[in-house]
Amino acid sequence: MRPTDEDAGVPREALFEYLLRLGDDRLVLGHRLSEWCGHGPVLEEDIALSNVALDLIGQATHFLRLAGQVEGQGRDEDALAYFRDAIDYRNVNLVELPNGDYGRTIVRQFLFDAWSVLLLDGLQRATHTELAGIAAKAHKEARYHVRHSGEWVIRLGDGTEESHRRVQTAVDELWPYTGELFAADQVDRLLARVIAPEPAALEPVWREVVIDVLHRATLTPPAEGYMHSGGRQGRHTEHLGHLLAEMQILARSHPGAKW
Amino acid sequence: MSPAGAGTDALFGVLRGIPDPEVPALDIVELGIVRRVELSPDGAVTVEVTPTYSGCPAMRMIEQEIVAALHANGYDRVELRTVYSPAWTTDWLSDSAKAKLKAYGIAAPDHTVAEQALVPLTSSVRRVACPYCGSSNTERKSEFGSTACKAIHYCHHCQQPFEEFKAI
């Protein structure tokens, strides 16, 4: 695939940067979810989160591989995943936050899934054929993910006093990290329309879907307030470094290791 | 599928001998993983494959098996390409493939991937027929089963858990 053939006039650096964002969101969240493997609250959920993690890491692999091709510096998906530092990661801060309890993990997942399904729906119509193809596949998976996480938010919110309290706390604490999903910078503006949906255009639908689920879960949507930002520009919470340390140690200690 | 010349027919014959590692009732051609094969005049083979799920762990194994099977049949130069578009869908499963799944104990996707709400939030109450006894008195236990492509159900009639190949 020659990216220049179909980048629709978008500068290569901007497309590379955008593909990193797509890949990094999914790689970091997939890694976080995989921390539940063997620790799920019930066997079915242990399996479910591991499967969702697998989907996300698979999606990340495809986006990062394409990113490496667009960059043209010989970096493949492994080089991009294992040999970049936190400051070079372009994921939103939401996905790097620690899992907390199961309710908190599910709330984070739902906030992300509801956004991701909308983004991928738009991306599958991108003028960039290969990006559109990856997005089309990922979109099908994201639809299963959001149904799973949405159902659990309702079940836990409308559950016991204890589960309701914990999930409401998670919603209140994670909400300030959702602003980044809809913020646009120069990269987004360069890609808008021909390749990617405009981030702000996704917000009204996302908000409608999320608030509908919160209401059905008897949860209270948080009041408007401060929103964290910076992940897209490499300004991360202290949690990402620890996550990367664990994820990268094998590849960095034994470059090129095979088993 | 490519236009079937004599050369590609033979290639498809080789590839049809490779079962899907996770659903061995089906081979990789009838599952739709092999999108296209091409035999160049100098004997080099190109195989286009498409992943069923982005993170399907069987994909790498399938690719190794394709190369090994072609090598074993005298095709020395094999190139694999991953294609994403159009995205793989269970709509491509033939009726005979679905019958094989059922005989293997996996409920086949019984509907096409119809347009649903943009963000589907509630599972339909669709009851999947039990592949063992045919009863519809079944219940979905989890949308995620032993592999990403399968969901777990339980049959209240014959009291068997069973898997469903999810429509995607």
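Modeller: A cavity is a set of grid points where a 1.4 Å probe fits but cannot get out, and its lining residues have an atom within 4 Å of a point. Bear in mind that this is a predicted model.

Colleague: Which residues line the second largest cavity?
Modeller: About 70 Å³ of space lies in this cavity. By class, its lining has nine nonpolar, one polar and two charged residues. The lining residues are B:Asp20, B:Glu22, B:Val23, B:Leu31, B:Ile33, B:Thr52, B:Tyr53, B:Cys56, B:Ile62, B:Trp88, B:Cys149 and B:Phe165.

Colleague: How many cavities does a search of the whole structure find, and how much space lies in the largest?
Modeller: The search counts cavities of 30 Å³ or more, and finds three. For the largest cavity, the space is about 130 Å³.

Colleague: Which helix gives the most to the lining of the largest cavity?
Modeller: The lining has 14 residues, with A:Tyr18, A:Trp115, A:Leu181, A:Asp188 and A:Arg232 nearest the centre. They divide into nine nonpolar, no polar and five charged. In chain A, helices H1 (12-34), H4 (102-123) and H8 (199-216) each supply at least two. With four residues, the one that gives the most is H1(A).

Colleague: Why is H4(A) largely enclosed by the rest of the structure?
Modeller: Buried means under 20% relative accessible area. H4(A) is largely enclosed because its buried residues number 21 of the 22.

Colleague: How far apart are the end C-alpha atoms of H4(A)?
Modeller: Take 1.5 Å a residue: the 22 residues should span 32 Å. The model agrees, with the end C-alpha atoms 30 Å apart.

Colleague: Which backbone nitrogen does a side-chain oxygen of A:Asp101 reach at the start of H4(A)?
Modeller: The oxygen comes to within 3.2 Å of the nitrogen. That nitrogen belongs to A:Gly103.

Technical notes
Residues are numbered from 1 along each chain as its sequence is written. Chains are lettered from A and ligands numbered from 1 in the order in which they are written. This is a predicted model: local features need pLDDT of at least 70, side-chain atom pairs count only at pLDDT 80 or more; totals for chains, interfaces and linings use all residues. Side-chain values use heavy atoms; hydrogens and water are left out. On a 1 Å grid over the protein atoms alone, a cavity is a set of points where a 1.4 Å probe fits but cannot get out, and a pocket is an open set with protein on both sides within 12 Å along at least five of seven lines; lining residues have an atom within 4 Å of a point. Grid points are joined across faces, edges and corners, and a volume is the space filled by probe spheres set on the points. Ala, Val, Leu, Ile, Met, Phe, Trp, Tyr, Cys and Pro count as nonpolar, Asp, Glu, Lys and Arg as charged, and the others, Gly among them, as polar. The expected span of a helix is 1.5 Å times one less than its number of residues. Buried means under 20% relative accessible area, exposed over 50%, partly exposed in between (1.4 Å probe, protein chains only). A polar contact is a pair of N or O atoms within 3.5 Å; within protein, one must be able to donate a hydrogen and the other to accept it, and residues adjacent in sequence count only if both atoms are side-chain atoms.
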